[in-house]
Amino acid sequence: MNKINFTAGPSILPKEVFEQLGQAAVDYNGMGLSLLEITHRGPEFMAIIEEAQKLIKDLLKLPDNYEVLFLMGGATTQFAMVPYNLLPKDGVAGYLDTGTWSTKAVKAAKIYGEVDVCASSADDGFRHIPKEYRIDPEWTYFHVTSNNTISGTQFKTLPDMQGVPVVIDMSSDIFSEPLVEDVSKYGLIFASAQKNLGPAGTTVVIVDKNLLGKTGREIPDIWDYEKHIAKASVLNTPPVYAIYGCLLTLRWIKKMGLKKIGETNHKKAELLYGEIDNNPLFIPRVKAVEDRSIMNVTFDLARPELEKTFGVFCDNHGIVGVKGHRSVGGYRVSMYNAMPVEGVEKLVKVMRDFSWRFH
Ligand SMILES: *Cc1c(COP(=O)(O)O)cnc(C)c1O
């Protein structure tokens, strides 16, 4: 594995996680059985899920009123499950529309209650984070996407919430640095695994139990957070292998430390934005420096006729996954936790060499 992979997700994980996953598929912990063939109700898997839950609780310093679940259906399922479980029919939820993912969340929430889209950056293709909006203390919750994976913006600080719980989609930046805000401001955090947390197939949901059971609506067990909590995430067969991948990644995160991971991520972002800002061949998509994502960096070529050549040039240097999302084009470089600084240094060198050769 010597390619440098900047794909947006499913994406790179620490090398030791890939190796341990490989080993577990053949023989889990010397049991003489693959992890793929053991029951999810046995002590081996229960130990996996409990340790993963505990690591998340420790990393986020979660108070006791929070529960950690590993669910299926991706973050997209949470767009519906959140309002289904939290928003009463006559309730109103505030949504900040900062990108494709929040737009989808708004669409799903409208099925269950009233949605107040308090601000949107759709007008400029989601290239900034709106700052002028009002929090209504009557809202059941306020939904925000912390990192806009497609456009390359990141929501950095919460306004005065006046007691309104925040629901946050952290799919693409969970554990990328220590939490800036007090965790108690978040009523619910969700993140699909395949960006910073593990293999595709599971979604972490961290929820304040006190917010549940208030909609007056009947919910089928499989969509009901309270039922999942009662069954400790094994209401039905969970994605065993994906959850084990999360556990391995969480152990790695704990070993590195969130502070160190955050410093490294900022260093990588500085390196890449530095090149894009200073090299006239590259045009950053997000002009507002304070809104720039440290995870997904988006840019265009000043000379679009060179796109094909740039693609081949990257390929030839072992750099993959830098093409933008199919809905917006251009370039997107995803630098999740497992990407070392050296990978970004290599990319910057390739960009520089390319501009020398073709300017
Ligand atoms: C990837 C992503 C999603 C969608 O996740 P799925 O697991 O594919 O449903 C939602 N929100 C954000 C911020 C994402 O990056």
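Predicted model: local features only at pLDDT ≥ 70, side-chain atom pairs only at ≥ 80, totals over all residues.
**Ligand shell and domain contact**

User: How far is a polar side-chain atom of Thr-76 from an oxygen atom of the ligand?
Analyst: 2.5 Å. Residues are numbered from 1 along each chain as its sequence is written, and side-chain values use heavy atoms, leaving out hydrogens and water.

User: What about Lys-195 and Ala-75?
Analyst: An N or O atom in the Lys-195 side chain is 2.7 Å from a ligand oxygen atom. Ala-75 has a backbone N or O atom 3.1 Å from an oxygen atom of the ligand.

User: How much of the ligand's accessible area does the protein cover?
Analyst: 87% of the 390 Å² that the ligand has on its own (Shrake-Rupley method, 1.4 Å probe).

User: How many residues surround the ligand, and of what kinds?
Analyst: 14, counting residues with a heavy atom within 4 Å. They divide into three nonpolar, nine polar (Gly counts here) and two charged.

User: Which helix gives the most to that shell?
Analyst: Helix H3, residues 74-86, with four residues (a DSSP run of H or I, at least four residues).

User: New topic. What are the domains?
Analyst: Domain 1 is 15-256 and domain 2 is 258-358, with bounds from an automatic or database assignment.

User: How many residues are in contact between them?
Analyst: 25 of domain 1 with 25 of domain 2 (heavy atoms within 4.5 Å).

Methods: Polar contact = N/O pair within 3.5 Å; in protein donor to acceptor, adjacent residues only side chain to side chain. Helix = DSSP H or I, 4+ residues; strand = E, 2+ residues; numbered from the N terminus.
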